[in-house]
Amino acid sequence: MDTSVMDVQQKWQEAIFNELKKANVRQVSYVPDAGHALVIRKAQADPEIHDIALTTEEEGVAVNSGAWLGGQRSVLLMQSSGVGNCVNMFSLLRSCNFPFFTLVTMRGEYAEFNPWQGPMGKVTQQALELMGITVLRVSDPDKVGEIVNAGLASAFEAGEQVAVLLSQNLIGRKSWVRK
Amino acid sequence: MGEKIMNTVRSSSKVVERREFVAKLVKEIPEALIITSLGSPSYDVFAAGDRAKNFYLWGAMGGSTPMGLGLALAQPEKSVVVITGDGEQLMGIGSLATIGAKQPANLTIVVLDNGHYGETGMQRSHLSLGTDLVAVAKGFGIQDAYTVDDLNNIEMVAARVKARNGVSLAQVYIDTNEPVRALPSRDGVHIKNRFRAELDLQPF
């Protein structure tokens, strides 16, 4: 990947972290993805944020709800495949009307090399919506900060359940051959 | 093919009566924030007396321990206790690794283990089919994991809850009896807001 592409990626990932900080998010739980790498590193380095490595994404839905019970804002970072792992746990959000915010990096939709990413990636938005979660999507690197800001406001000010999908074109083509 | 029988790894054949154990434990820890898993653990804790500091799950199977983690991190000055059952803990077994990685000093996990799925007709769970939960918990980094088979051990569990100086897991051997159901509110929004009010937090 050339330097300019890296710069653009760093910029929108920094914009995400800045919005999380501005919104006073105190817990960041995640199953890693390349598109979340910088936010995870910054969360780990921030003494005010608990970074929580999950074994499966549905744990994060419950972690977020527990954090809210205790008065902290918590967000979940995952890849589109992880949305499928969460489906029944999302019932916790609707049953109790817990505010919820997740950032989802998309696979299976743009210059995808791995066909196994397709089945979940192509229905990620519908799966979220079926479970009552409002979906926002961002494909323009310059709009990432604004959309994340809007999603955080809907979640933590209006008490909604919100997912922001980060389009695969933001992350770019995955290099499959190690040089 | 029938299920494999006699493969329990219990270290003792003694059990405690679940309602008596839970009632006595809850009485010892009046300040604790308690999350209960769906099914019998919610009934047991409610039967011990409704408290605003209780959060009763009626679903979200596998979610009680990660929910306890989020709460424990948000409220480090409070004791947080998750009271769950063996089947629910098995569904969320990976969360013990997540908890082992964070080592929340104020979190205590109590697993009421009858080795069966009580709510669905007493089918055997993995805890009576060969899994050693204490070994699993220790393997995930929860070093203070131990079994309880006697009511005299309640003080030991309560002391850990009150001390808040390390995450622990108590695997409590109970019988497969089914006490009369005691049903807490199923209104999750109400229970959530009542719980938050106890912590001086606004509704929603």
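Okay, let's start with a pocket. In chain B, helix H2 (40–47), helix H4 (86–91) and strand E5 (116–117) each give at least two residues to the lining of the second largest pocket. Before I go on, please keep in mind that what you have on screen is a predicted model.

So, which element gives the largest share of that lining? That's H4(B), with 3 residues. The space in the second largest pocket comes to about 280 Å³. There are 18 residues lining it, and the closest to its centre are Leu38(B), Glu88(B), Tyr117(B), Gly118(B) and Glu119(B). If you sort the lining by class, you get 9 polar, 5 nonpolar and 4 charged residues.

Let's step back and look at chain B as a whole. It has 8 strands and 8 helices. Its C-alpha trace spans about 55 × 35 × 30 Å along the principal axes. For 204 residues, a compact globule would have a radius of gyration near 17 Å, and the 16 Å of chain B agrees with that.

Now the sheet in chain B. It's an open one, with 6 strands in the order E2-E1-E3-E4-E8-E7, and the pairing is parallel. Which strands stand at the edges? Those are E2 (54–56) and E7 (144–148) of chain B; each has a single partner strand, so one side of each is left without a neighbour in the sheet. On average, neighbouring strands here are turned by 15° against each other, ignoring direction.

Let me zoom in on one pair. Strands E3 (residues 80–85) and E4 (residues 107–113) of chain B pair in the parallel sense over 6 bridges.

In general, strands of a sheet pair through backbone hydrogen bonds, either parallel or antiparallel.

On to chain A. Here we have 9 helices and 6 strands. The radius of gyration of chain A is 15 Å, close to the 16 Å from the globule rule for 179 residues, so this chain is as compact as a globular protein of that length. Along its principal axes, the C-alpha trace of chain A spans about 45 × 35 × 30 Å.

What does the sheet look like in chain A? It's an open sheet of 6 strands with parallel pairing, and the order is E2-E1-E3-E4-E6-E5. At the edges you'll find strand E2 (50–53) and strand E5 (134–138) of chain A, each pairing on one side only. Neighbouring strands of this sheet are turned by 20° against each other on average, again ignoring direction.

Here's a pair to look at in chain A, too. Strand E4 (residues 100–105) runs parallel to strand E6 (residues 161–166), and 6 bridges join them. Within that pair, Thr102(A) stands opposite Ala163(A) in E6(A). And the helix to find is H2 (residues 37–45) of chain A: it packs on the sheet, touching strand E1 (25–30), E2 and strand E3 (73–79). The direction of H2 makes about 130° with that of E1(A).

Note on methods
Residues are numbered from 1 along each chain as its sequence is written. Chains are lettered from A and ligands numbered from 1 in the order in which they are written. This is a predicted model: local features need pLDDT of at least 70, side-chain atom pairs count only at pLDDT 80 or more; totals for chains, interfaces and linings use all residues. Side-chain values use heavy atoms; hydrogens and water are left out. Two strands pair if DSSP finds at least two bridges between them. Helices (H or I, at least four residues) and strands (E, at least two) are DSSP runs, numbered from the N terminus. Axes are lines fitted to C-alpha atoms, for helices over the stretch in contact, and angles run from 0 to 180 degrees between N-to-C directions. On a 1 Å grid over the protein atoms alone, a cavity is a set of points where a 1.4 Å probe fits but cannot get out, and a pocket is an open set with protein on both sides within 12 Å along at least five of seven lines; lining residues have an atom within 4 Å of a point. Grid points are joined across faces, edges and corners, and a volume is the space filled by probe spheres set on the points. Ala, Val, Leu, Ile, Met, Phe, Trp, Tyr, Cys and Pro count as nonpolar, Asp, Glu, Lys and Arg as charged, and the others, Gly among them, as polar. The radius of gyration is taken over C-alpha atoms; the globule rule is 2.2 Å times the number of residues to the power 0.38. Contact means heavy atoms within 4.5 Å.
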